[in-house]
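Thanks, everyone. Let me put the model up, and we'll walk through it piece by piece.

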Amino acid sequence: MESGLISVDRWRNGSQAYFLTHMHSDHTRGLSGGWSQGPLYCSRTTASLFPSRFPGFDLSLLRVVPLFSWTSLSLRSPSSGSTVRLHLMAIDAHHCPGSIMFLFRGDFGCFLYTGDFRWDSDASDEARTTLVAAIDEFPVDILYLDNTYCNPIYSFPSRQVAVQLVADIIASHPSHDIIIAVDSLGKEDLLVHVSRILNIKIWVWPERLRTMHLLGFQDIFTTDTSLTRVRAVPRYSFSIQTLEGLNTMCPTIGIMPSGLPWVKRPFKGDDKLSGSFLTASMKNETVSAKKELEAAAVHKFHDYMYSVHYSDHSCYEEIGEFIKLVKPKSMKGIVVSSSSYVDPLYYFGRICGANQPPQVLLMRPDIAEEFRAVRIKSYSASDKTRMLAKEKRWKRDSHSSLKRNKKRARIQVKCAKILEVD
C-alpha cells in the first residue's frame with residue numbers, strides 16, 4: 001500500500017485516515033485531547049472510552065466501524081492524485097473490550113492487521129466464520145501479526161481455565177484478603193467470571209469503576225472495601241513490599257494474571273494451593289498433558305504472591321494455528337521490541353512459503369524500562385532505519401554485555417515492583 005494513505009495505531013500527521021485497534025496506552029501514544037490529524041476509525045466500545053481517556057478530544061473525528069461487515073473509503077493517491085478505493089472490515093480481536101483486527105483490501109492487495117489479539121478456544125464462532133469467509137474470497141497478502149508470545153517457551157491454557165485457577169486460589173484462602181493486579185483496561189472477563197464463580201463483588205479504584213460502568217458492568221464492582229475481600233488494584237501498585245506491608249495488618253495474598261513467566265523457578269517454600277482441586281488432583285499422580293499445562297500455569301514465588309498464566313495475547317501454539325488458518329503470503333510482527341522478540345517468519349515462514357526464515361533477533365530492552373515489554377506498532381521506513389542503526393550498535397557490544405542483555409530479556413523479577421507488561 002502506498003504511504004500517506006492510512007496509519008494503524010500511529011498518530012503522526014501525513015495520513016488521510018487513522019485506525020485504532022484498541023485503547024491500551026502502547027497503541028495510543030501520540031493521541032491527546034488536541035489531536036486533529038484526520039478521521040479516526042475504531043470500534044463502538046473504543047469510541048465510548050474517548051471522553052474519559054482524552055478529555056477535550058474532538059469526537060466528530062471518530063468513525064465507528066461495525067463488526068463483521070465491509071466498509072468502503074475513498075482516498076487520494078499522494079503520488080498520482082487518483083482515487084484509491086479502500087475496503088475494510090473489523091473483526092473481534094478478543095484482547096480487551098473494544099479491541100478489533102482490521103482487514104484491508106483494494107487494488108494494493110489484502111492486508112490483515114491483528115493489533116493485540118487472543119485467538120484461543122474462547123474466540124467467538126462469528127469471528128472465525130467471518131474471517132474464514134473473507135480470506136477465502138480475498139487471500140491475505142501480508143499479515144501484520146501480534147507476535148508478543150511468538151516463542152515456544154510460551155504455552156498457557158485458555159482464559160476459561162485460567163479463570164478457574166484464579167478462583168481456586170481465592171477459594172483456598174478463605175481467611176485472606178485478595179488483591180489482583182490489573183491495568184486500566186483489560187482483564188474484565190477474568191474479574192466478572194471470578195465474581196460469578198465465587199458469588200462476590202470485587203473492589204476497584206474509582207477511575208476503574210467509571211470505566212466498568214462505561215463498559216456496562218453495573219452491579220459486580222464496588223469502591224466500598226467493606227463489601228468484599230477481593231480487590232483489583234492497579235498493576236503499578238502491585239509489589240512484594242506492598243503485600244508484606246498488608247500482611248502486617250491482615251493475611252493477604254496477591255495474584256498476578258499474565259502470560260509472562262515472572263520468575264525462573266517457583267517459590268521454594270510450600271507451594272501447595274492449600275488443598276485446592278488443582279493440587280489435590282496432582283498429588284503423587286501421573287498427570288495428563290492438560291493437567292501439566294494447568295499446573296505450569298500457577299506459580300507461587302513468594303509467601304504472599306501467585307502468578308497465573310492468564311493472557312490476553314495468543315501464545316505460540318495459538319499463533320501457529322492462526323497463521324495456518326489465514327495462510328498469508330507474507331507476514332510481519334508488529335512487536336519489534338519485547339522481552340523475547342522473535343520474527344514470526346523464524347518459526348512459521350514455511351506456512352508462507354519463505355525459503356530462508358530469518359534468525360532470532362535479540363533486542364535490548366530500554367534501560368529505563370528494563371522489565372517492560374515495549375511495543376512499537378506499524379512502523380514506517382524511517383523507523384526501520386533507526387532500528388537497523390541500533391542493531392549495528394548493539395552488535396558491537398562485548399560478549400559479556402550481550403549476556404547481561406539476555407538476562408534482562410528473561411524478565412527476572414528480583415524483588416521490588418512488577419511493572420505493566422501485558
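Start with a helix pair. Leu-131, Val-132 and Ile-135 in H2 meet Phe-322, Leu-325 and Val-326 in H9. By meeting I mean contact, that is, heavy atoms within 4.5 Å. The residues of this contact of H2 with H9 are six nonpolar, no polar and no charged. For those classes, Ala, Val, Leu, Ile, Met, Phe, Trp, Tyr, Cys and Pro count as nonpolar, Asp, Glu, Lys and Arg as charged, and the others, Gly among them, as polar.

Now the geometry. H2 covers residues 125-137 and H9 covers residues 316-326; their axes come within 10 Å and cross at roughly 45 degrees. Axes here are lines fitted to C-alpha atoms, for helices over the stretch in contact, and angles run from 0 to 180 degrees between N-to-C directions. H2 and H9 are therefore oblique to each other. The cut-offs: under 35 degrees is roughly parallel, over 145 roughly antiparallel, 65 to 115 roughly perpendicular, and the rest oblique.

A word on the source. This is a predicted model, where local features need pLDDT of at least 70 and side-chain atom pairs count only at pLDDT 80 or more, while totals for chains, interfaces and linings use all residues. Residues are numbered from 1 along each chain as its sequence is written, and side-chain values use heavy atoms, with hydrogens and water left out.

Stay with H9. Which residues of H9 are buried? They are Glu-318, Ile-319, Gly-320, Phe-322, Ile-323 and Val-326. Buried means under 20% relative accessible area, exposed means over 50%, and partly exposed lies in between (1.4 Å probe, protein chains only). The buried residues of H9 pack against strands E7 (100-106), E8 (109-113), E9 (142-145) and E17 (330-333), and against helices H2 and H10 (344-352). Just after H9, Lys-327 takes a positive phi of about 55 degrees.

Zoom out to the chain. There are 12 helices and 17 strands. Helices (H or I, at least four residues) and strands (E, at least two) are DSSP runs, numbered from the N terminus. Of the 422 residues in the chain, 52% are buried. Take the contacts between residues at least 6 apart in sequence: 69% of them join residues at least 24 apart.

Next, the cores. A nonpolar core is a set of buried Ala, Val, Leu, Ile, Met, Phe, Trp, Tyr and Cys residues joined through side-chain atoms within 4.5 Å. The largest has 40 residues, and Ile-180 and Phe-221 touch the most other members. Helix H3 (residues 159-171) gives the largest share of this core, six residues. Not counting residues up to four places away in sequence, Ile-180 touches Val-166, Ile-170, Leu-191, Val-230, Arg-231, Ala-232, Val-233, Ile-255 and Pro-257. A second, separate core has 27 residues, including Cys-110, Trp-119, Met-331 and Cys-352.

One more buried position. Leu-246 is in helix H6 (residues 240-246). Its relative accessibility is 19%, so Leu-246 counts as buried. Beyond its neighbours within four places in sequence, Leu-246 is in contact with Ile-179, Arg-231 and Thr-252.

Over to the sheet. Four strands form an open sheet in the order E1-E2-E3-E4, with parallel pairing. Two strands pair if DSSP finds at least two bridges between them. The edge strands are E1 (6-8) and E4 (62-64), each pairing on one side only. Neighbouring strands of this sheet are turned by 25 degrees against each other on average, direction ignored. Helix H1 (residues 44-53) packs on the sheet and touches E3 and E4; its direction makes about 125 degrees with that of E3. E2 (residues 17-19) and E3 (residues 40-42) pair over two bridges. Tyr-18 has Leu-40 in E3 as its bridge partner.

Then the hairpin. E5 and E6 (residues 83-92) pair in the antiparallel sense over seven bridges. Leu-75 has Val-84 in E6 as its bridge partner. Six residues lie between E5 and E6, and Gly-81 in the turn has a positive phi of about 80 degrees.

Last, backbone angles. Most residues other than glycine have a negative phi. Asp-9 is not a glycine, yet has a positive phi of about 60 degrees. Asp-9 sits in the loop between E1 and E2, and is buried at 5% relative accessible area. Phe-68, also not a glycine, has a positive phi of about 65 degrees. Phe-68 lies in the loop between E4 and E5 (70-76), and is buried at 18% relative accessibility.
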